[in-house]
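Let's take a friendly look at how charged side chains pair up in a protein. Have the model open beside you as you read.

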Amino acid sequence: MRCVFFFFKQKTAYEIYQCDWSSDVCSSDLVSIQYDIFTTIRHKNNEIKYEPIRAVSSRHAAIHNIEVASGQRFFSEADVKDRRPVIVIGSAMANKLFTSKPYPIGDAIYIGNYPFILIGVAQEKPQMNSLDIPNAWLGWIPSSTYEMLANPKKIDVISISYKDFDKLPQTKAN
């Protein structure tokens, strides 16, 4: 069983990167930062406004069980390291942005004035989280690419995944 914790306290990127994750989060399985962006996105002549884009690490897909269709992919650690302008979008966002299927994997999608290459469309899945936007309505880009373009001062969310609850001090009896 996997558990995901969200930390909503805002910290600077410097504070996050200086953390000793091995001791601070009790042998976490996966960690991903997240910047929340609401912006206009465009493909050719179709533009949609105030769309939720998340700038995240490559581990975000594993933490949140995001899967894309066969022949497509979520971005990799190499994409993050090289600050590649790639994007994965949810199925509902894809249906709003494109007039027909198959979706144009490899085409440029503009976030503001910046072109990003579409590398995947997230598969639909049931979600019971009423506190968050369903994956179908989201887009994801590498956090490093966003940091290079926007120089953000705060990280919005840190997602941490645990496989073993026994390693969490909060779950042990006193």
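Is Asp 36 buried, partly exposed or exposed? Asp 36 is partly exposed, at a relative accessible area of 31%; buried means under 20%, exposed over 50%, and partly exposed in between (1.4 Å probe, protein chains only). This is a predicted model, in which local features need pLDDT of at least 70, side-chain atom pairs count only at pLDDT 80 or more, and totals for chains, interfaces and linings use all residues. Residues are numbered from 1 along each chain as its sequence is written, and side-chain values use heavy atoms, leaving out hydrogens and water.

**Salt bridges overall**
- Side chains of opposite charge can pair when their charged atoms come close.
- Searching the whole structure gives seven salt bridges (a side-chain nitrogen of Lys or Arg within 4 Å of a carboxyl oxygen of Asp or Glu).

- Arg 54 and Asp 36 form a salt bridge, 3.2 Å from N to O.
- Strands (E, at least two residues) and helices (H or I, at least four) are DSSP runs, numbered from the N terminus.
- Arg 54 is buried, with 8% relative accessibility.
- Lys 96 pairs with Glu 51 in a salt bridge, their closest N and O atoms 2.8 Å apart.
- Here Lys 96 sits in helix α5 (residues 91–97) and Glu 51 in strand β3, 45 residues apart.
- Lys 96 is partly exposed at 36%, whereas Glu 51 is buried at 4%.

**A network**
- Salt bridges link Arg 73, Asp 79, Asp 82 and Arg 84 in a network.
- Within it, Asp 82 and Arg 84 have their closest N and O atoms 2.8 Å apart.
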